[in-house]
Structure formats: structure tokens, C-alpha cells
Amino acid sequence: MAAGVTAAASLTTTGLLATPAAAAPEPLRNDELKEALRRAQARHRRLRTGRPSANGWQMQKAADADGDIVTTSVAGTGLSVALRTGDTETVLTHVVRRFHYEVDALGTGGEPDALEGWVAPSAVRDSRRPESNQASGTAVVIRPGSYPPGVRDCFTEGQRMVVRDILADTEGVVRWGGDDRRPYEGLFYLGVPPGDARLARVAAKIRGWSEVPGAGAGVVPDVTEPARRRRAARYR
């Protein structure tokens, strides 16, 4: 018997050539695909309202129900809030984190209800008002009991300067309720409609800051620097 054949027989005996290939996963059968589609459509009907909030995003009937709106932790604050997942969540939690670090710490001393995100569409009195954006998961209210709608000058001049700098981070994607005709200084919401490319671009920029030393929320900048003040002035 040739040496090569003997070696092959030896390997077969030890099992080194006997390991079967991994079985490929079986594709879903047609009826399974139909059932998955049926469940997705049922979930869509259960959660969607067909009604847009003031910024054009669709209101959703529930949060944490396998839909687009889920409760998310806000890193560094110990708080959580229900928001639309993805780019919206990235941008609005950045706003909250900078507010927490630079304007006024949230949730300290057992403070209740420091943040409010999604609310049920049934709680929306007027879908034309910016606070209706909460029902689409595209808005957050900081201290809803402390900065009531219709009241101005809840912040000091220095705090307002920081708020302006935070808005500049978002390049106008986030709007502050304090700039609206009927002010709501605790409200921050998306000022762009669904599909606007600016949201994805800004969210990618914010995510990138987590990999850059000296950038992003938690690194307190000097908001009085002339360059930063000129940048902030562009988004009033």
C-alpha cells in the first residue's frame, strides 16, 4: 500500500477526516414567511395612528411594544426616556446629556420625573403644537414641572448660552421650545421631517465623538469662545 494511502487511512481512523460539514440552515417555508408578514402587519396596525405630529413624524400608540419607540438609558445620567430608536435617540440623548453636565444636573437628590419623552397620542390636545412631537417619539421634555409652557426666562443668561451651543451641535436638527412663539423652555424636538438627510449626518457625527478624546457630551467646552458663539448664532 502506498504511503499516501496509508496516511489517509490513518487520518480517517482517528476521525480527523471524518468531521461532517455544518448543515446549512433550512430556509423558511412559504407559510412561515406569510405568518411573519401577517404578524408584522398586525403590529403596524396596532401601533400606528396614521396621524403626524407637528414635525411630520407619525404618532405611535405605545412604547416598548416592538415598535419604533422604546425606553432608552441616557448614559451618564442614571435616567431613561422613551424615544424613537436610531438617529432620533442618538441626537436627543446627546442634548439631554449636555444639559445634565453643563446646564443643571438632572435626577439628583431623588428628583422625580426629570425627563419625559413619548406620550400617548390621546394626550395630545393639538397636533399642530410642538409638544405633539412627544407622541411620535421625536421630542423630550426636561423637567416638565419646572419649565411650563408659556413661560419665558426660566434659565440664566449663562445657561441659555450653553443651550445655544448644544443646539449648534445638532446643526439645527433639534429645535428648542424656548424659541417658539408660545415658549416651552423644557422642550427639545426634531425640527426636520422623516427622511431628512441632516438627521442621519448629525447622528453619525455625534456617534463618532464617542471615539474621539475631548469631544462629545461630558467634555465641558468654553461656550464663550468667539468661534463657538458665532456657530451658535447660526442656529437661532
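Contact, for this talk, means heavy atoms within 4.5 Å.

First, the ground rules. This is a predicted model, so local features need pLDDT of at least 70, side-chain atom pairs count only at pLDDT 80 or more, and totals for chains, interfaces and linings use all residues. Residues are numbered from 1 along each chain as its sequence is written, and side-chain values use heavy atoms, with hydrogens and water left out.

Now the overview. The chain has six helices and eight strands. Those are DSSP runs, numbered from the N terminus: helices are H or I with at least four residues, strands are E with at least two. Along the sequence the pattern reads α-α-β-β-β-β-α-β-β-α-β-β-α-α. There are 236 residues, and 37% of them count as buried. Buried means under 20% relative accessible area, exposed means over 50%, and partly exposed is in between, with a 1.4 Å probe and protein chains only. Take the contacts between residues at least 6 apart in sequence: 62% of them join residues at least 24 apart.

Next, a sheet. Four strands form an open sheet in the order β5-β6-β8-β7, and the pairing is antiparallel. The edges are β5, at 115-116, and β7, at 174-176; each has a single partner strand, so one side of each is left without a neighbour in the sheet. Two strands pair if DSSP finds at least two bridges between them.

Let's walk across it. β5 pairs with β6, residues 139-142, over two antiparallel bridges. There, L115 has I142 of β6 as its bridge partner. Then β6 pairs with β8, residues 187-190, over three bridges, again antiparallel. V140 stands opposite F188 of β8.

The rule takes rings of Phe, Tyr and Trp (its six-membered ring) with centres within 6.5 Å; planes under 30 degrees apart are stacked, over 60 edge-to-face, and the rest tilted. One of the pairs is F155 with W176, tilted, at 6.2 Å centre to centre and 45° between the planes. This pair links distant parts of the chain: F155 is in the loop between β6 and α4 (157-169), W176 is in strand β7, and they are 21 residues apart. F155 counts as buried, at 7% relative accessibility. W176 is buried too, with a relative accessible area of 0%.

W176 has a second ring partner, F188: their centres are 6.5 Å apart and their planes at 20°, so the pair is stacked. Taken together, ring pairs link F99, Y147, F155, W176 and F188 into a cluster.

Back to Q60, as promised. Q60 is in strand β2, residues 58-60. Buried or exposed, by its relative accessibility? Q60 counts as buried, at 1%. The Q60 side chain makes a polar contact with the side chain of R48, at 3.4 Å. A polar contact is a pair of N or O atoms within 3.5 Å; within protein, one must be able to donate a hydrogen and the other to accept it, and residues adjacent in sequence count only if both atoms are side-chain atoms. Leaving out residues up to four places away in sequence, Q60 touches L47, R48, T49, G67, D68, I69, W118, P121, A135 and S136.

Now helix packing. Two packed helices are described by the angle between their axes and the distance between the axes. The axes of α4 and α6, residues 226-233, come within 8 Å and cross at roughly 70°. Axes are lines fitted to C-alpha atoms, for helices over the stretch in contact, and angles run from 0 to 180 degrees between N-to-C directions. α4 and α6 are therefore roughly perpendicular to each other. The angle classes are: under 35 degrees roughly parallel, over 145 roughly antiparallel, 65 to 115 roughly perpendicular, and the rest oblique.

Last, two backbone points. D66 is not a glycine, yet its phi is positive, near 65°. D66 lies in the loop between β2 and β3 (69-74), and counts as exposed at 66% relative accessibility. D153 also has a positive phi, about 60°, and is not a glycine. D153 is in the loop between β6 and α4, and is exposed, with a relative accessible area of 61%.
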